[in-house]
Structures are given as structure tokens and as C-alpha cells.
Amino acid sequence: MATRIGIGLLGLGTVGGGVAEILQTPDGRHPLVADLDLVRVAVRDLNRPRPVELPADCLTTNPEAVVDDPNVHVVVEVMGGIEPARTLIMRAIAAGKSVVTANKAVIARHGEEIAAAAASAGVYVLIEAAVGGGIPIIEPLKQSLGGNRIQRVSGIINGTTNYILSRMAQEGADYDAVLRDAQELGYAEADPAADVDGLDAADKIAILAGLAFGGPIPRGGIPTDGISSLQSRDVDYATQLDYGVKLLAVAERADNTDTDNADRDGGPSLPLAVRVQPTLVPLDHPLAGVHGVNNAILVEGDPIGRVMFYGPGAGAGPTASAVVADILNIAGIQQLNDTDGQLDPLLAASSWRACHLVESSAIRQRNYLRFHTDDTPGVIGQIGTSFGDHGVSIQSIVQFDASDAGAEIVVITHEVSNGNLDKALAAITARPEIRGIAAHLGCL
Ligand code: NAP
Ligand code: HSE
């Protein structure tokens, strides 16, 4: 008879509720699901209505009691936040229990410490749900794409902001109203500033880059810009120029910019350019067709070329699908009883080299800039001259609005380093006819 596997849930909100629902309805799913017992569940408020019915003694407000319960073999952390989530994960590992978590905020900041503790305890910490909701991207990066030399990982990895941008572009919907909808649908973080300010996407790209390039990424060094200050006028101008606007996260090799730092093994540390920002995406680019709560991650490597992972990036069902997949991986191994402290290297987290982030000034990209200027002859020429003086090549320059209130001049640059761009912008804004830079976005 198959061994029963006890599951302890830390949290029964959007994701925890979705997980409990799958565990309680095993019919038609993988047979291993029927071998999982939901033993104990930690919540903050015992009286809150729940989407699933659980025996009264299953719920507790004491998360340590869930971790310490001898009938709990796998701890599933879906409570969110940094603490007490981090401490509870470490406590489970110290007790020899494998952990499944959807908590990208904890993994992006404490992933190395957690992975090291898990390796020495001989347990797994699986994080498929932490990035891309229901999209399988973590295990493919760890396993299926392991033979590649990855060049770039980029994509739309926040469902809330993509849902907001899509509805604003398609219906002209109001930002605050759509954000409220995203919260009601269970897409947004407890503090939605994490979504709209780009912090959640920065957590996720730190995790993806760590897996793709093989070393921990300093989360605090990622230049991050969200959509809270994005203006609808820039979305309109982008549309007129045949682009959509997406909150994009990018991590790519920057081998040519600096190789000074030393690896943990004495070899060169891999320089990476990583960033999160609203970005113009050409309408014929695969990412431009990703709408609503969907996410998409493009992985470019040698020899695979380009592969895109697409699907629902947030919400109860999709995220629970990823959590349960991780539980099943662990349950399958526990039933085979073949770990004996020897972890499957492809399922376990591991780093094999050092990576470092290049200075923001060394990041190279195309840019969208909107200048607010006087409506006088020669302004476009002056902007062009200053860009040329600093080696910034212009792809297009268009005047959109001209009135007594001034003119709006939109420039799309070719690829240029942020350092050169900044020098050109300093020269441009020093000109008396230039009233200011009204918007600066990335451009694919
Ligand atoms: P949520 O709906 O706010 O649920 C959090 C749950 O944790 C609630 O049941 C809450 O109890 C419980 N909880 C929080 N602090 C606790 C504490 N100190 N002690 C005991 N219970 C506690 O959050 P969520 O949307 O499910 O997100 C959970 C995690 O999954 C987060 O890390 C999030 O980033 C991640 N995630 C979410 C999604 C998504 O689409 N929502 C997708 C991927 C990843 P009460 O119910 O009593 O308040
Ligand atoms: N708040 C997150 C998002 C949840 O909107 O993408 C999924 O990680």
C-alpha cells in the first residue's frame, strides 16, 4: 500500500484555498494526489469564511504547530511576507521536512540561505508557484534547459500589472478601478504596491536569473520601475507608433561590459544586466499578444534558440496547480523512499558560479523618451544634435502635439548604454527650449 503523505498548509487564502480544493478533490487527477492528506492549516483568523470545508481541529492560528506536527511531512508555505514565513521555512527544513512555497519575496532575498540549509538537511524546497503562477518555468530552467548556455530571460511576469495595462489599453478603463478588480480576483499581493511598483517582478526576475545563469542575484541591485507613474498618453503614442506597453523584466548576459569580479571558485564572475521597467513592445512581437492576467517568459539560449512559456500568471487555480505539482514531486520521491540524504540534483536548488550585476550605466537598451518642449523652430534639430554629440543614435523622432502649451516630442533610440543616454539627456534638458523629460520607457 502507498505511504500516505501529510501536508501542512501555512495559509488558506487565495493560493492556500486553491491547494486545499485540489487536495480534497483527487478524482481524475494524478493518482498520487489521493495519497496526500491535508493534516493541518495555519490561518490568522479562525472565523473568516473559507472556500473549502475543513474539520475544525485542522485549523490553527499557530503556524509553528503546523510545522512541528509529526503527521506533517511536507510544509506548504503560502502565507506570504518575509517574516514569519522565512523562519517557518527554516524551521521545517531543520525538522527534516521538505517545503513547497509560492513566496517569491522570501526566495528572492533568502533563497541562498534556504537552499544551503535544505541541501545540508537533505530536503527539497520547491518554488514552481513563485514565478509565473501556473506556468511551469522553474523546473524547465533547472532541468529541461540545463544543457543550454542561456543568453537572456525576459518576459511579462506580473499578472496584476498585465491585467491593468490590458484593460486600460483595450477599454480605456480607469487605473484605480482595474486595480481593485485585480485585488478582488486574487491576483494582487497583500500590498499591491509590490505589483504596481515592479517589486514583485524584480523578485521573480532575480529568481529566474539565478536559475538561468547559475548563481545568486543581489536582489537589491535590480533597477526597478513600475507602472504607477505610467501615463495613458504614452500608451496612446506607443499605439500610434505600432507598439504595445508591457511591464517587462529582463535578465541578460553582459559579458562585454565588465569581467572584473572573481567567481567563488576564482574564475570570472558572470556579469548580468537585469532590470524591470515599462517597455514598448512591437505589436508583431510574441510578448505583445500576452494580455490580461497571462504571463509569458522568453528564454533565449544556445542551442535551443528561443522558447516561450505562456499561461495564467496569477490566481487561485493556476498557482495551486504549480504548488500541487511540487508537492507531487516530493511525494513521489518520499514514496520511493530513495533520498537517504542524496537529493536529486535536478530537483534540488544549486548554484554553480558567481554572478554580479553590471552598473545601471552599463546596461544597453533601446529607449522611448517623451520631451515637453517650447513649440519653436529647430527644437527637433537641437535634440538630435545633443543625442548625436553623445553617440546616441535615433531610430525615430516625432512631434505629437503642438499648442501654446508647448510641444510633445517623442524619440525612440537605437540600442545605447544608459551612461551615454544620461549624458545626452543632461545636455538636452540644459537647453532653454526643453521644459523637461515627461516620460522615459524601455523599448524592445
Ligand atoms: P492571501 O490570500 O493574503 O493569503 C494569505 C494566507 O496566509 C491567509 O489565509 C492568512 O490567514 C494566512 N496568514 C498570513 N499571515 C499569517 C500568520 N502570521 N499566521 C497564520 N496565517 C497567516 O495571499 P495569497 O494571494 O494566497 O498569496 C500567498 C503567497 O503566494 C504569497 O507569497 C504570494 O506572493 C504568493 N503567490 C500568490 C499568487 C496569487 O495569484 N495570489 C500567485 C503566486 C504566488 P487569514 O486568511 O486568516 O487572513
Ligand atoms: N501578484 C502576483 C501577480 C501574483 O500579479 O503576478 C503572482 O505571483
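**Ground rules.** I number residues from 1 along each chain as its sequence is written, with chains lettered from A and ligands numbered from 1 in the order in which they are written. Since the model is predicted, local features need pLDDT of at least 70 and side-chain atom pairs count only at pLDDT 80 or more, while totals for chains, interfaces and linings use all residues, and side-chain values use heavy atoms, with hydrogens and water left out.

**Entry on K204.** I looked up K204 and found it in helix 9, residues 199-213 (helices are DSSP runs of H or I with at least four residues, strands are runs of E with at least two, and both are numbered from the N terminus). Is K204 buried or exposed? I noted K204 as buried because its relative accessible area is 3% (buried means under 20%, exposed over 50% and partly exposed in between, with a 1.4 Å probe and protein chains only). The side chain of K204 has a polar contact of 2.6 Å with the side chain of D200 (a pair of N or O atoms within 3.5 Å, of which, within protein, one must be able to donate a hydrogen and the other to accept it; residues adjacent in sequence count only if both atoms are side-chain atoms). Leaving aside residues up to four places away in sequence, I listed K104, A130, V131, I157 and N158 as the residues that K204 touches (contact means heavy atoms within 4.5 Å).

**Entry on E408.** I found E408 in strand 15, residues 406-413, and recorded it as buried because its relative accessible area is 5%. Which side chain does the side chain of E408 meet in a polar contact? The partner is Y237, at 3.3 Å.

**Entry on helices 1 and 11.** I next looked at helix 1 (residues 14-24) and helix 11 (residues 316-336), whose axes come within 8 Å and cross at roughly 60 degrees (axes are lines fitted to C-alpha atoms, for helices over the stretch in contact, and angles run from 0 to 180 degrees between N-to-C directions). The two helices are therefore oblique to each other (under 35 degrees counts as roughly parallel, over 145 as roughly antiparallel, 65 to 115 as roughly perpendicular and the rest as oblique). On the helix 1 side I noted T14, V15, G18, V19 and I22, which meet A316, T319, A320, S321, V323, V324 and I327 in helix 11. By class, this contact has eight nonpolar, four polar and no charged residues (Ala, Val, Leu, Ile, Met, Phe, Trp, Tyr, Cys and Pro count as nonpolar, Asp, Glu, Lys and Arg as charged, and the others, Gly among them, as polar).

**Entry on helices 6 and 7.** The axes of helix 6 (residues 159-171) and helix 7 (residues 175-184) come within 9 Å and cross at roughly 135 degrees, which makes helix 6 oblique to helix 7. I recorded the crossing as right-handed. T160, Y163, I164, R167 and M168 in helix 6 meet Y175, V178, L179, D181 and A182 in helix 7, and these residues divide into seven nonpolar, one polar and two charged.

**Entry on the backbone.** Where did I find cis peptide bonds? One runs from E83 to P84, with omega near 10 degrees, and P84 lies in the loop between strand 4 (74-77) and helix 3 (85-94). Another joins D302 and P303, with omega about 15 degrees, and P303 lies in the loop between strand 10 (294-302) and strand 11 (305-312). I also noted D242, which has a positive phi of about 70 degrees although it is not a glycine. D242 sits in the loop between helix 10 (232-240) and strand 8 (243-253), and I wrote it down as exposed because its relative accessibility is 53%.

L247 is in strand 8 and counts as buried at 5% relative accessibility. The C-alpha atoms of L247 and L441 are separated by 9.9 Å, although these residues are 194 apart along the chain. S396 is in strand 14, residues 394-403, and counts as partly exposed at 21% relative accessibility.

Conventions
A crossing is left-handed if the near helix is turned anticlockwise from the far one by less than a right angle, and right-handed if clockwise.
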